[in-house]
Amino acid sequence: TIDARGIMESANPAVERLFGYEPATLIGQNVKILMPAPYHEQHDGYLSNYLRTGERKIIGTGREVTAARKDGSTFPAELAVSEFFLEGRRHFTGVVRDISDRKRVERMQSEFVSTVSHELRTPLTSIRGSLGLISGGVLGEIPKEAKEYVDIALSNSDRLVRLINDILDMEKMQSGSMEFRLQA
């Protein structure tokens, strides 16, 4: 918990595991000690802006942030801040959750999707093109039975291309990099 000036009033034992500080050593220090630059320098401004305007940037909402350990290393964290009043004084409670594992899995998933899509798309394009040429008669007339198999393979390669494109579109949507053009 912190007071209205950002000074820590209490810290639970998890602080030592997450940040490397003994909880008692943080009492009386500004909470920005747990933040890397540039957030470290900006924190007091955010807090004073909230107290002056009531404009919420983090308070009452959850947000992904970067947190700083005692040894100077950083880690991705999820931060939830709540406001409360006790004996007429304003206080804030911050709950920090290390999301390093989640971020690592997301990065691995993204890299996997990217690698698979590229590794599948290149040979699939070649296969699909070749089947299209054969089906179109570029090599001459093919037996009716063989044409049926070629057409099935061509249809299935089209399905695979659509599936890969759908997977890539889902990845773009999840990462926020897909551009939408909404029209009535």
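The model is predicted. Its secondary structure amounts to five helices and four strands. Read from the N terminus, the order of elements is β-α-α-α-β-β-β-α-α. The radius of gyration is 28 Å, whereas the globule rule gives 16 Å for 184 residues, so the chain is more spread out than a compact globule. The C-alpha trace tells its own story along the principal axes: it spans about 90 × 45 × 25 Å. Of the 184 residues, 22% count as buried.

The four strands make an open sheet, ordered 1-4-3-2, with antiparallel pairing. Strand 1 (2–3) and strand 2 (62–68) are the edge strands, each pairing on one side only. Strand 1 meets strand 4 (residues 89–98) through two bridges, in the antiparallel sense. Here D3 stands opposite H91 of strand 4.

Two helices lie against these strands. Helix 4 (residues 100–135) packs on the sheet and touches strand 2, strand 3 and strand 4. The direction of helix 4 makes about 135° with that of strand 3. Helix 3 (residues 39–53) lies across strand 1, strand 2, strand 3 (74–86) and strand 4. Relative to strand 4, helix 3 runs at about 140°.

Next comes the core. In soluble globular proteins, nonpolar side chains tend to be buried together. In this chain, the largest nonpolar core has 18 residues. Those with the most contacts inside this core are M8, F19, Y21, L26, L34, F75 and F92. Helix 1 (14–19), helix 3 and strand 3 each supply at least two residues of the core. Which element gives the largest share of this core? Strand 3 does, with four residues. F19 is worth a look on screen. Leaving out residues up to four places away in sequence, F19 touches L34, A67, A68, R69, K70, F75 and V96.

Now follow helix 4 along its length. Its 36 residues should span 52 Å at 1.5 Å a residue, and its end C-alpha atoms are 51 Å apart, which agrees. The buried residues of helix 4 are V113, S117, L124, L131 and S135. Helix 5 (144–175) is included in what covers them. S130 also sits in helix 4. Is S130 buried or partly exposed? The relative accessibility of S130 is 37%, so S130 counts as partly exposed; buried would require under 20%. S130 and S117 are 13 residues apart along the chain, and 20 Å separates their C-alpha atoms. After helix 4 comes G137, with a positive phi near 90°.

V150, L154, S157, I164, L168 and E171 are buried in helix 5. What covers these buried residues includes helix 4. Helix 5 is followed by G176, where phi is positive, near 80°.

Notes
Residues are numbered from 1 along each chain as its sequence is written. This is a predicted model: local features need pLDDT of at least 70, side-chain atom pairs count only at pLDDT 80 or more; totals for chains, interfaces and linings use all residues. Side-chain values use heavy atoms; hydrogens and water are left out. Two strands pair if DSSP finds at least two bridges between them. Contact means heavy atoms within 4.5 Å. Axes are lines fitted to C-alpha atoms, for helices over the stretch in contact, and angles run from 0 to 180 degrees between N-to-C directions. The expected span of a helix is 1.5 Å times one less than its number of residues. Buried means under 20% relative accessible area, exposed over 50%, partly exposed in between (1.4 Å probe, protein chains only). A nonpolar core is a set of buried Ala, Val, Leu, Ile, Met, Phe, Trp, Tyr and Cys residues joined through side-chain atoms within 4.5 Å. The radius of gyration is taken over C-alpha atoms; the globule rule is 2.2 Å times the number of residues to the power 0.38.
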